[in-house]
Amino acid sequence: MRVIALTEDVLVCTSAFWQTTCTVVRGPDREAPEAFVIDSPVLPDELEALPGVLEHVGWPCSGLLATHGDWDHLLGRTAFPGSALGCAETTAARLTGSMGDAVRELREFDDEHYVERKGPLQLGQIQALPVPGKVEIGGGELELHPTEGHVPEGMAIAVPWAGVLVVGDYVSPVEIPWISEGGSRSAYVATLGRLLPLIEAAEHIVPGHGVVLDPVRAAAILREDLHYLETGELPLTRRSPAQRKIDAENRGRW
Ligand SMILES: [Zn+2]
């Protein structure tokens, strides 16, 4: 797992698997520090290391947030068993309606790659957050923006005092737009339209998979993604067999 200090209030931890990102945000109040952990790394040793990362910087984990309800972003509770998981109302509805899906998909992943974990995934207490909306964190507010299209639910999280935007599974430098079950191309295009001004207003954009982007690069990827969604033409730097497989899956939901 790679850990970088993006700003004095934001750490980004990147999993060795799928370059899945986990963003740790501290509120601006130094007297009463609070930190939220957004999304999660994937591998067991990375999850085990996560509490030590927060201890090292002296930020107490006050809660978990998830950008959307896919299993690879939901593992934070393994690292912080007592913490509640905050997510968009739409995500909460998906998770309570079919909690078993995430548990089953994690088990299938672990079986395929011989990954051993201490126990099955437990999501614990889920807090449904209205989106668009705001969440208070130690003297500041995170802004929540709706993101549908990849899946039928989700949110991007802006950290205004740090100039950071955590987008979930959009504008990834390593993955083409993925229309998963329940997602849609038209909703995806609409979400990209809403994300563009947020990207332009931010200094750092954290995609769900891949390195942190500056606004110019993120906007360029966004334009490539729109072009792909409009024409079906794969972006030049995202044409590997894995991306072609996602493309083939997308065509069933085009
Ligand atoms: Zn993902």
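Buried here means under 20% relative accessible area, exposed means over 50%, and partly exposed is in between, with a 1.4 Å probe and protein chains only. By that cut-off, Asp72 and His73 are both buried. Before going on: this is a predicted model, where local features need pLDDT of at least 70 and side-chain atom pairs count only at pLDDT 80 or more, while totals for chains, interfaces and linings use all residues. Residues are numbered from 1 along each chain as its sequence is written, and side-chain values use heavy atoms, with hydrogens and water left out.

Stay put and show the zinc ion. Its protein donors (N, O and S atoms within 2.8 Å of the metal, or 3.2 Å for Na, K and Ca; water is not among the atoms, so sites may look incomplete) are Asp72 (OD), His73 (NE2), Asp169 (OD) and His209 (NE2), at 2.1 to 2.7 Å. Along the sequence they run D-H-x95-D-x39-H.

Next, select helix H1, residues 44–57. Helices (H or I, at least four residues) and strands (E, at least two) are DSSP runs, numbered from the N terminus. Colour Glu46, Leu47, Leu50, Val53 and Leu54 of H1: they are buried. Their cover includes strands E1 (2–7) and E2 (10–14), plus helix H2 (76–79). After H1 comes Gly58, with a positive phi near 75°.

Last stop: Leu11, in strand E2. Leu11 counts as buried because its relative accessibility is 6%. Leaving aside residues up to four places away in sequence, its contacts (heavy atoms within 4.5 Å) include Val53, Val57 and Cys22. Draw a C-alpha to C-alpha line from Leu11 to Cys22: 8.3 Å, for eleven residues in sequence.

Definitions and conventions. Bend = angle between axes of the 7 residues up to and from the residue.
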